[in-house]
Amino acid sequence: MLTNSPGNRHLPEQGTWQQQLAAAITDPAQLLARLQLDPALLDPAGLAGLQHGAQGFRLRVPESFVRRMRPGDPADPLLRQVLPLGLELARTPGFSSDPLAESSARLAPGLLQKYQGRALLITTGACAVHCRYCFRREYDYAADTAEADSGRWEAALTALAANPSIHEIILSGGDPLSLSNARLGSLLQRLQQLPHLRRVRLHTRTPIVLPARVDEGLLQLLRELRLQTVVVVHANHAAEIDAEVTGALQALRATGLTLLSQSVLLAGINDAAQTLAALSEALFAAGALPYYLFLLDRINGTAHFEVSRERARQLMQELNALLPGYLLPRLAQEEPGQPSKTHIDIGSVL
Ligand SMILES: *Cc1c(COP(=O)(O)O)cnc(C)c1O
Ligand code: SF4
């Protein structure tokens with residue numbers, strides 16, 4: 001498709017990444033019309049979902065991601081990740097607003113440490129896309145984002161400076177690539193001054209949903225970084241990886257950083273071994289090694305995305321039989337109070 005050619009990244013009607021972000025679709029009716037879908041095709045609760053989606057954690061999806069959806073397919077796996085549904089209004093036992101007990105892991109506002117040697121900085125609450133299954137959909141960013149005013153980054157940097165056991169800082173959010181190059185660059189410069197930091201890691205979905213974000217300014221910043229750099233992109237389905245995304249990921253990797261990917265196992269989206277195998281293959285073709293495949297975090301309104309642990313183990317066994325070992329992500333789950341992510345043993349192929 002012509003729109004997928006890397007050269008098209010610079011066509012004037014697409015604009016800069018900021019312009020593309022500002023033009024992201026936020027109205028469910030507009031998204032359905034864009035995909036030639038009748039709102040009546042949705043489940044009976046769909047209408048409630050459309051209304052719900054207008055408030056709170058509202059629909060947000062850039063055109064570049066919409067372009068990779070199949071028009072006329074209400075079950076499209078990319079559409080399902082972003083379209084608000086009435087199902088989100090269900091309250092399910094075992095699901096809550098803070099299943100990860102993050103509020104108890106704060107070193108400073110926006111700075112979380114749960115694991116030895118590494119800490120996570122919530123640099124911003126903003127994301128280029130709103131994923132319906134997001135574990136942060138109910139997070140109180142206003143109260144706990146390091147960025148909200150400049151004093152907050154100061155508090156986080158002070159806490160980091162006082163913790164020489166922290167060797168790796170993970171920039172997360174939200175999505176750290178929602179920050180401008182200027183803001184990201186000044187944060188990285190400050191971090192680079194801390195002598196005990198060895199590595200910086202960025203957890204981001206933006207290169208996948210808005211590949212134009214990987215612009216020359218960002219690449220320049222990354223090339224100049226003295227800290228070892230790891231970028232973990234978040235992608236859930238092979239259809240997310242088109243030529244433009246491949247170009248963005250290859251450009252990131254060409255700066256010398258280590259490129260990994262993480263995914264969430266989602267019912268109706270990627271819960272089939274062939275689908276997961278295609279995802280690993282597509283990511284590797286674009287230069288990223290699969291890192292984690294997460295079980296869903298049990299956040300309110302996401303129960304319809306859950307895949308059971310038993311089913312997940314079975315899928316991983318099938319996947320293991322389809323892929324070389326280095327393309328197999330680690331099946332993992334985040335459990336509050338544990339000293340690491342919980343790695344789920346998949347056993348041997350039956
Ligand atoms: C997930 C997470 C990490 C990273 O864990 P790794 O296993 O190193 O990828 C670090 N800190 C926090 C608070 C996290 O939630
Ligand atoms: S990009 Fe990541 S943090 Fe942002 S809504 Fe999606 S899953 Fe959540």
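1. Ligand shell, composition. In this predicted model, the shell around ligand 2 consists of four nonpolar residues, two polar residues and one charged residue. The residues that surround ligand 2 are Cys127, Val129, Cys131, Cys134, Gly174, Arg205 and His234.

2. Overall architecture. The protein contains 12 helices and 10 strands. Of its 350 residues, 55% count as buried. When contacts between residues at least 6 apart in sequence are considered, 81% of them link residues at least 24 apart.

3. The largest nonpolar core comprises 46 residues, and the members touching the most other members are Leu111, Ile169, Leu171, Leu191 and Leu252. Helix α6, residues 150–161, contributes the most to this core, with five residues.

4. Contacts of leucine 252. Which residues does leucine 252 contact, once its neighbours within four places in sequence are left aside? They are Pro207, Val214, Leu218, Leu219, Leu222, Val231 and Leu257.

5. A search of the whole structure returns one cavity of 30 Å³ or more. The volume of the largest cavity is about 70 Å³. Its lining is formed by Ser261, Ser263, Leu276, Leu279, Ser280, Leu283, Pro290, Tyr291, Tyr292, Leu293, Leu319 and Pro329. By class, the lining holds nine nonpolar residues, three polar residues and no charged residues.

6. Elements around the cavity. Three elements each supply at least two residues of the lining of the largest cavity: β7 (258–264), α11 (273–285) and β8 (289–294).

7. Serine 261. This residue belongs to strand β7 and is one of the residues lining the largest cavity. Is serine 261 buried or exposed? Serine 261 counts as buried because its relative accessible area is 1%, where the cut-off for burial is under 20%. Not counting residues up to four places away in sequence, serine 261 touches Val232, Val233, Leu283, Ala288, Leu289, Pro290, Tyr291 and Tyr292. Of these contacts, Leu283, Pro290, Tyr291 and Tyr292 are also listed in the cavity lining.

Technical notes: Residues are numbered from 1 along each chain as its sequence is written. Chains are lettered from A and ligands numbered from 1 in the order in which they are written. This is a predicted model: local features need pLDDT of at least 70, side-chain atom pairs count only at pLDDT 80 or more; totals for chains, interfaces and linings use all residues. Side-chain values use heavy atoms; hydrogens and water are left out. On a 1 Å grid over the protein atoms alone, a cavity is a set of points where a 1.4 Å probe fits but cannot get out, and a pocket is an open set with protein on both sides within 12 Å along at least five of seven lines; lining residues have an atom within 4 Å of a point. Grid points are joined across faces, edges and corners, and a volume is the space filled by probe spheres set on the points. Helices (H or I, at least four residues) and strands (E, at least two) are DSSP runs, numbered from the N terminus. Ala, Val, Leu, Ile, Met, Phe, Trp, Tyr, Cys and Pro count as nonpolar, Asp, Glu, Lys and Arg as charged, and the others, Gly among them, as polar. A nonpolar core is a set of buried Ala, Val, Leu, Ile, Met, Phe, Trp, Tyr and Cys residues joined through side-chain atoms within 4.5 Å. Buried means under 20% relative accessible area, exposed over 50%, partly exposed in between (1.4 Å probe, protein chains only). Contact means heavy atoms within 4.5 Å. A residue is near a molecule or strand if one of its heavy atoms lies within 4 Å of it.
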